[in-house]
Amino acid sequence: MERILLYIVSGEMRSSWDRAIELSKSLSASLFALFIVDQEMVRTISKLRGTDEVDTAIEIEEEGWKYLYHLEEKAVDNGVRTALFLKEGNPINIIRSFVKEREIELLVVGYKRSAGREGWKYGKIIEQLIEHVPCPVLIEKEGGR
Amino acid sequence: MIEELLDEDLILVLDSIEDKFKLIEMMVDKALSKGLIMTREPILHKIREREELESTGVVEGIAIPHARTEAVKDLLLAVAVVKRGLDFQSLDGKPVYMVFLIVAPEDAKKKYINVLARISRMCRQEEFRTALKEATSTSEILKIIREFDI
């Protein structure tokens with residue numbers, strides 16, 4: 001296996017980061033880390049906070065880059081070849097295209113049960129990823145097994 | 001955030017250069033001549049090691065080589081604009097026109113990540129990339145970075 005993709009959702013899902021790094025290292029694979037600024041999420045957060053959508057998107061994007069660089073630090077410390085990507089749009093469409101274009105052989109995502117609409121939405125994203133992404137999907141349960 | 005780190009003397013405008021490590025050496029030497037770094041070799045070694053693992057050309061036309069090392073006392077930011085572009089072995093295979101070199105002390109991880117994140121976000125803006133690419137002087141580059149650093 002040469003190419004592993006880690007979909008970074010938040011800084012909370014560190015078990016999936018560790019798993020992706022561990023697999024990349026043991027398989028000598030390149031690790032691609034992807035953060036997506038989900039436009040629907042931007043709209044929802046802006047509405048809830050009563051803030052401007054552009055400002056919210058800027059804030060989320062910068063936070064995303066921080067996650068990516070934190071991940072990179074960890075991966076590089078482990079001698080794993082790492083490439084960072086940040087994209088905007090619908091997560092399912094972006095990940096599906098990314099997997100095809102970059103010939104990704106394994107997608108790693110974290111999963112943490114959380115209440116409310118956001119938890120439900122993320123569960124749906126994972127379901128759709130399993131259904132639509134043309135490669136195996138490894139779901140790493142966060143916060144205990 | 002970026003503005004306070006920028007020093008006009010650490011901005012380079014070049015017509016062309018063939019080797020990415022040569023450019024990084026030039027940027028490091030600028031900092032050395034200003035007394036901002038203690039020794040150049042550990043920095044060059046760390047940057048080379050990181051670049052050999054995977055290119056830091058992550059945003060179209062831009063590379064952000066970065067490292068943490070005890071060879072610097074404070075976070076260092078240097079900028080280079082290469083008018084004719086440079087092969088940085090970027091993931092997209094396209095030439096790089098702007099290089100942001102970021103070197104931080106080992107114990108400044110939070111600030112280092114924050115600066116990397118801010119610059120990466122700024123670099124994703126097409127207007128920012130275009131303005132930098134067209135800039136002809138160090139003062140103009142400084143002005144553009146200030147303008148987009150929000």
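Leaving aside residues up to four places away in sequence, Ile102(B) touches Ile64(B), His66(B), Leu77(B), Tyr112(B), Val115(B) and Leu116(B); a contact here means C-beta atoms, placed from the backbone, within 7 Å. This is a predicted model, in which local features need pLDDT of at least 70 and side-chain atom pairs count only at pLDDT 80 or more, while totals for chains, interfaces and linings use all residues. Residues are numbered from 1 along each chain as its sequence is written, and chains are lettered from A in the order in which they are written.

**The nonpolar core**
- The largest nonpolar core has 89 residues, a core being a set of buried Ala, Val, Leu, Ile, Met, Phe, Trp, Tyr and Cys residues joined through C-beta atoms within 7 Å.
- Among the residues with the most contacts inside this core are Leu5(A), Leu107(A), Ile102(B) and Leu116(B).
- Strand β5 of chain B (residues 96–104) supplies the largest share of this core, 9 residues; strands (E, at least two residues) and helices (H or I, at least four) are DSSP runs, numbered from the N terminus.

**Where chain B meets chain A**
- On chain B, 13 residues are in contact with 13 residues of chain A.
- The elements giving two or more residues to this side of chain B are α2 (41–53) and α3 (109–123).
- Helix α3(B) gives the most, with 7 residues.

**A look at α3(B)**
- Helix α3(B) has 15 residues and reaches 21 Å from first C-alpha to last, close to the 21 Å expected at 1.5 Å a residue, where the expected span is 1.5 Å times one less than the number of residues.
- Its buried residues include Tyr112(B), Val115(B), Leu116(B) and Arg121(B); buried means 20 or more other C-beta atoms within 10 Å, exposed 12 or fewer, and partly exposed in between.

**His45(B) in α2**
- His45(B) lies in helix α2 of chain B, and His45(B) is partly exposed because 13 other C-beta atoms lie within 10 Å.
- His45(B) and Ala67(B) are 22 residues apart in sequence, yet 9.6 Å apart in space, C-alpha to C-alpha.

**Chain A overall**
- Chain A holds 5 helices and 5 strands, in the order β-α-β-α-α-β-α-β-α-β along the sequence.
- The radius of gyration of chain A is 15 Å, close to the 15 Å from the globule rule for 145 residues, so chain A is as compact as a globular protein of that length; the radius is taken over C-alpha atoms, and the rule is 2.2 Å times the number of residues to the power 0.38.
- Of the 145 residues in chain A, 36% are buried.

Terms used:
Contact = placed C-beta atoms within 7 Å.
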